[in-house]
Every structure is written in structure tokens, then in C-alpha cells.
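Here is a walk through a structure for someone meeting it for the first time. Keep the view open and follow along.

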Amino acid sequence: MSKWFADTFPNVVYQGWTGDTGWLTAIGQTFYMTFGSALFGGILGLIFGMGLIITSSNGISPNRTVFWILDKVVSTFRAVPFIILLAAIAPLTKLIVGTQIGSTAALVPLSLGVFPFYARQIQVALAEVDSGIVEAAQAIGSSFWDIVFGVYLREGRSEIIRVSTVTLISLIGLTAMAGAIGAGGLGTMALSYGYQRYANDTTWLATLLVLVFVLIVQVVGDILAKKFSHK
Amino acid sequence: MSNPIIALDNINVTFHQKKRTIEAVKNVSVHVERGDVYGIVGYSGAGKSTLVRVINLLQEPTSGSVIVNDETFFQADSEGAKKTRITNNDLRNRRRKIGMIFQHFNLLNERTVTENVAFALQNSELPAKEKAEKVRDLLALVDLSDRAEQYPSQLSGGQKQRVAIARALANDPEILISDEATSALDPKTTNQILALLKKLNKEFGLTIVLITHEMQAVKEIANKVAVMQDGEIIERGSLLDIFAQPNEQLTKEFIETATNIDKAIATISAQPLVTNLKPNELFVRLSYVGDTTDEPLITGLFRDFQVTANILYGNIEILQDTPVGSLLIILAGTAEQVKSAIATLADHHVVIEVIKGGK
């Protein structure tokens with residue numbers, strides 16, 4: 001069996017399990033980049049998305065200036081193609097994490113690349129929260145933070161999980177491009193060790209692993225979204 | 001007499017949209033006394049929702065003054081200048097004493113019935129145990145104890161509204177604002193909710209401001225009525241006065257929806273009895289309020305004037321424990337006799353309207 005495998009997929013075997021170019025290393029790097037940037041980009045996106053809802057003209061604290069600034073920042077970052085963002089913010093990356101290559105360096109552009117997307121998703125998700133419920137909370141005498149946490153984030157929870165799933169999946173896509181700054185991961189495996197070396201078996205396995213990862217995220221996301229919905 | 005619990009004076013609310021200016025409420029003053037059930041009736045777009053939202057400043061007026069419980073919430077002169085406004089923190093505290101219920105219930109979908117009511121208590125200083133007890137009592141009051149752990153999506157419309165009422169009552173408010181609270185409910189459920197509101201008014205002295213487009217609802221529980229059209233109050237008074245003697249066309253229309261008397265007149269006018277009215281006959285409508293009805297007037301007509309009264313239709317409403325009636329009858333007798341009979345009826349404060357005379 002293992003001999004058959006080694007004969008049929010020689011390049012897959014050649015990469016090995018561990019080491020700088022091993023499969024486990026690549027999987028680990030992809031996980032690290034996806035969840036690491038999901039954390040930072042997620043927090044940033046949540047704050048911006050929430051801010052857009054709160055300060056919009058029919059929000060609980062309308063503020064034209066703040067809304068305009070948030071809106072423009074989100075739009076600007078969304079307009080920059082990710083592969084260019086990677087290069088363009090290299091000095092900033094170096095400033096923040098001390099290096100501009102590798103998985104950790106990739107966290108900076110990945111976070112900045114994903115947050116505007118997530119902010120818009122959050123904005124849409126929270127816009128779904130019935131304004132009547134917000135008004136009822138105001139009539140009850142709820143404070144600003146009661147409404148942010150107790151109404152928006154709580155009522156929008158299921159929808160937030162749904163858009164987070166979408167965002168996480170698109171983030172997995174972005175990590176593949178981070179290979180351009182030597183971040184490693186399954187993207188690098190598929191492109192640098194597979195495609196560029198005519199090692200199709202390596203490319204295919206890397207693709208398959210990415211697919212499995214996406215599938216797991218999707219299924220878990222769907223289950224959680226359903227669990228938290230009582231509509 | 002003590003001061004009104006709610007005093008809205010010269011309230012204007014103006015919205016500016018891109019190029020249009022909408023005057024939603026125009027120079028309206030409303031005073032609600034403690035213990036009142038004040039009904040504000042009008043079609044959608046009349047400005048009644050905007051007006052009641054001024055009470056708890058969910059809608060800040062452009063000008064006017066808002067005084068609740070002798071405390072000035074808001075004041076601005078007609079130019080919108082010289083504003084005084086309660087601080088946000090105080091406003092939040094005062095709002096807890098002004099319950100509000102809505103047409104679409106506005107319950108938190110992701111919380112159970114218990115959690116919905118408890119949500120209103122999250123800023124209360126009661127210890128957790130008392131809060132839980134309070135929620136239980138409120139749910140018992142609205143007869144929903146057995147639904148405590150369900151989510152709103154598992155409840156019927158009437159049950160949802162009862163949860164909303166329990167939530168609105170959580171902080172022991174003195175005022176309850178009902179914004180079309182029965183408009184999305186079927187007639188039977190509407191009556192249950194109105195009965196509950198009536199009970200709250202009677203037993204706890206809760207002051208209720210009720211806005212609706214259904215005169216039926218107002219008729220059931222209000223003691224005072226204001227009719228709103230195009231941002232203005234066009235007529236107001238006690239429920240009895242408004243029902244007995246409406247002046248404005250719109251008021252009459254609303255009352256018609258609750259009594260259907262005009263429809264009855266139209267139907268009966270098409271009957272042979274009326275179309276072939278004899279020369280000595282008169283088709284009239286009698287309207288009366290209260291005591292008059294205790295006397296046997298109709299029998300008296302024959303006894304004293306030999307005038308017969310053929311009753312074709314009758315509608316008697318009990319408003320505020322007082323009967324308010326409309327009768328459609330054909331009076332028959334000599335011209336002289338009928339004239340005397342009508343004069344006597346008028347003496348008894350019966351309003352007589354001749355719909356058709358015989359030829």
C-alpha cells in the first residue's frame with residue numbers, strides 16, 4: 001500500500017510530514033494565518049461594522065462625520081487588491097511584527113485585507129435587526145451598551161455567525177496568496193512546490209486539503225447559526 | 001385638581017427630507033390626567049405615532065414643551081431655540097416609568113419570555129432573587145406562566161403582546177403608551193388585550209395613552225378621545241360627548257366604523273316600509289346618552305300623544321357604564337301629534353334627526 005502510494009504520488013511523499021516544507025507544517029501555517037488574522041481582522045471588522053450601524057442616520061447614535069470616516073476607510077481598504085496590499089503595507093508590517101516575510105508577517109495584511117469585507121458583512125447582518133426591537137429597548141430605558149450588546153449583538157448572533165463563516169472561507173482563500181511574501185501554508189504548497197515544479201500530485205493534495213478545511217468551516221458555521229436562531 | 005400627568009403643549013414635529021419638509025405634528029397640545037385612558041384616533045399618517053413618541057422623547061419635538069409628572073423633559077420655543085432638555089441619564093431612568101407597547105410587539109426574538117421581561121429589569125437595583133420573583137408575578141398577571149421558557153416565535157400574536165405588556169410593566173410604570181397595540185390582532189384577541197389594559201387601569205390606576213385607527217378599541221376602554229388628522233387634533237372630548245355629538249366629518253366616520261349606524265340607515269331606507277312611507281309617517285333617527293333611556297319614552301309617545309313608534313333598528317352601546325343609543329324608527333300620527341311628541345323627546349335630550357318624511 002505505502003509502496004503503491006509512494007510510486008503514484010512521489011512528490012507528495014517527497015515533501016514529508018514535518019520540516020520547513022512538510023504537509024503538517026503547511027497545514028499548521030494555514031490554520032495559524034486563517035485564525036490569527038480572523039481574530040484581529042474580526043475584532044476590527046466588528047468594531048467598524050457596529051460603528052457603521054450605530055452612527056448611521058437611523059442608528060442609535062447618529063453621527064454623520066464618524067459614519068463618513070468609517071465608511072470611507074472600509075471602502076478604501078476594500079478597493080485595494082489583496083496581492084497589492086501585501087506588498088504595499090510591507091513597511092507597516094515590519095513596524096508591527098518586526099519582519100516582512102513569513103506567516104506572522106502575513107497576519108498584518110491578512111487582517112487588514114479581511115476587516116473591510118467583514119465590516120460590510122457585519123453591517124448587513126446587524127441591519128437585519130428589527131429597528132422596532134431597538135426602539136422598544138430605548139423605551140424601556142436601556143443604555144447605549146445594553147443596546148449594543150443586549151440587542152444588536154444578541155439578536156444578530158445567528159446572522160453574525162453566518163457572515164463570519166463566509167468571511168472565514170474567503171480568508172482561507174486570501175492565505176493562499178500570502179505565499180507571495182513567503183508565508184508558507186497550503187497555498188505555497190500548491191503553487192511553489194506543486195505547480196512550479198510540475199508536481200501535480202502535490203497541487204492536488206493541497207487543493208483537497210483546502211477544500212476539506214472550507215467544508216468543515218461551512219458545516220460548523222451552519223450548525224452554530226442554526227443552533228442560535230429562534231426566529 | 002392636580003396637574004396633568006402628561007402635558008404636551010404646542011408640540012411641533014417637523015422632518016426635513018432632502019427637499020421636502022414634513023410637518024408631522026402641528027402645534028398640538030394634549031393634557032392627560034392621572035388615571036385617564038386617553039384614546040388618540042386617526043388614520044395612518046395622521047401623526048399620532050409621532051405625537052406619542054414625544055412623550056418619552058423617542059421623538060424629540062422641533063418645538064413645544066413636554067412635561068411628565070411635573071418634570072420638564074423638553075422645552076423649546078417656536079423658533080426651536082432656548083432648549084432645555086432632560087439629561088440622557090435622567091431620561092433613561094424616567095423612561096422606565098413609562099411603559100410602551102407596539103403594533104408588532106417588538107420582542108427580543110433570541111430571548112425567552114422570561115428573559116424578555118427580565119431585560120427590562122437589567123438596570124433595576126433589585127437583587128437577582130427579587131427580579132426573578134417579579135418576572136414570575138408579571139407573567140402570572142398576563143396569564144403566561146406556562147410559557148415562561150418559550151421563545152416569541154412559539155407564541156401567538158395575543159401571547160406576544162401580553163409578554164410585551166409584562167415587559168412594559170416591569171419597572172412599575174405610571175404611564176403606558178400603546179402604539180396600535182391591537183391593530184395586528186384578530187377581534188377576539190383584541191378584546192382580551194383591551195380587557196387586560198382596562199384591568200390595569202382600574203386596579204393599578206395606570207394612565208394609558210392609546211393610539212389606534214380602530215374606534216372599536218377606543219370605545220372599549222377610553223374615557224377621553226382626540227381625533228387626529230394631518231398632524232392636528234381636530235376634535236377632542238370625553239368619550240361620551242364625542243360619541244353622542246361628533247362635530248367633524250372624520251369623527252363621524254370613525255364612530256360609524258364602531259356603530260355601523262349609517263350602514264343601517266342605508267339598508268333600511270331601501271326597505272318598502274320606508275320607500276312607501278305614508279303621508280302621516282316620519283322616518284327618524286333618535287340619538288341619546290345616558291339617563292334618558294331609563295324612562296319608557298317610546299311607550300310614552302303612544303300614551304301621551306297617540307303616536308306609534310315602529311322600531312326598525314336599534315344600537316345601544318355601553319360606554320363608560322353609560323348607555324349611548326341610536327334608534328331608527330317610523331313615527332306615525334297626525335302632524336300635530338308628531339310635532340308634540342318630537343318636542344317632548346327633545347326635552348329629554350334626545351337628538352332627533354328626520355331622515356325621511358311621508359308624502
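The model is predicted.

Begin with chain A. It has 12 helices and zero strands. Read from the N terminus, the elements of chain A are α-α-α-α-α-α-α-α-α-α-α-α. Along the principal axes, the C-alpha atoms of chain A fill a box of roughly 70 × 40 × 25 Å. Chain A has 231 residues, and 46% of them count as buried. Its accessible surface comes to about 11800 Å². Carbon and sulfur atoms hold 68% of that area. Now take the contacts in chain A with a separation of 6 or more: 72% of them are between residues 24 or more positions apart.

Turn to chain B. Here there are 13 helices and 15 strands. The C-alpha trace of chain B spans about 80 × 55 × 40 Å along its principal axes. Of the 359 residues in chain B, 50% are buried. Chain B exposes about 17000 Å², and carbon and sulfur atoms supply 48% of that. Among contacts in chain B with a separation of 6 or more, residues 24 or more positions apart account for 67%.

Go back to chain A with a database record in hand. Which residues of chain A does UniProt list under "transmembrane region"? The unreviewed entry gives residues 31–54, 66–89, 95–118, 163–184 and 204–225. Two of these stretches can be checked against the model. Residues 31–54 of chain A are 100% helix and 0% strand. The end C-alpha atoms of that stretch are 33 Å apart. Residues 204–225 of chain A are also 100% helix and 0% strand. Their end C-alpha atoms lie 31 Å apart.

Next, look at the surface of chain A. A:Leu208, A:Val212, A:Ile216, A:Val220 and A:Leu224 form a nonpolar patch there. Together these residues have about 410 Å² of accessible area. Pick out A:Val220. It sits in helix α12 of chain A, which covers residues 200–227.

Charged pairs come next. How many salt bridges does a search of the whole structure find? Over all chains there are 16. One of them joins B:Arg53 and A:Glu135, with the closest N and O atoms 2.6 Å apart. This pair crosses between chains. B:Arg53 is in helix α1 of chain B, residues 48–55, and A:Glu135 is in helix α8 of chain A, residues 131–140. Both B:Arg53 and A:Glu135 are buried.

Helix α1 of chain B also holds B:Lys48. B:Lys48 forms a salt bridge with B:Glu180, and their closest N and O atoms are 3.4 Å apart. The pair links distant parts of the chain, 132 residues apart. B:Glu180 lies in the loop between β8 and α6 (187–204) of chain B. B:Glu180 and B:Lys48 are buried.

Another salt bridge brings together the side chains of B:Arg303 and B:Asp304, at 3.3 Å from N to O. B:Arg303 is exposed because its relative accessible area is 55%, and the cut-off for exposed is over 50%. B:Asp304 has a relative accessible area of 46%, so it is partly exposed. In chain A, A:Asp71, A:Lys72 and A:Arg120 are linked in a network of salt bridges.

Finish at B:Asn171. This residue lies in the loop between α5 (157–169) and β8 (175–179) of chain B. Why does B:Asn171 count as buried? Its relative accessibility is 13%, and buried means under 20%. What does B:Asn171 touch, leaving aside residues up to four places away in sequence? The list holds A:Ile140, B:Arg96, B:Lys97, B:Ala120, B:Leu121 and B:Ser124. A polar atom of the B:Asn171 side chain lies 2.9 Å from the backbone oxygen of B:Ala120. For a sense of scale, compare B:Asn171 with B:Thr334. They are 163 residues apart in sequence and 67 Å apart in space, C-alpha to C-alpha.

Note on methods:
Residues are numbered from 1 along each chain as its sequence is written. Chains are lettered from A and ligands numbered from 1 in the order in which they are written. Side-chain values use heavy atoms; hydrogens and water are left out. Patches are made of residues with over 30% relative accessible area and no salt bridge: like charges are joined within 9 Å, nonpolar side chains (Val, Leu, Ile, Met, Phe, Trp, Tyr) within 5 Å. Accessible areas come from the Shrake-Rupley method with a 1.4 Å probe; for residues, only the protein chains shown count as cover. A salt bridge is a side-chain nitrogen of Lys or Arg within 4 Å of a carboxyl oxygen of Asp or Glu. Helices (H or I, at least four residues) and strands (E, at least two) are DSSP runs, numbered from the N terminus. UniProt positions are given in the numbering used here, feature names are shortened, and annotations may be inferred rather than shown by experiment. Buried means under 20% relative accessible area, exposed over 50%, partly exposed in between (1.4 Å probe, protein chains only). Contact means heavy atoms within 4.5 Å. A polar contact is a pair of N or O atoms within 3.5 Å; within protein, one must be able to donate a hydrogen and the other to accept it, and residues adjacent in sequence count only if both atoms are side-chain atoms.
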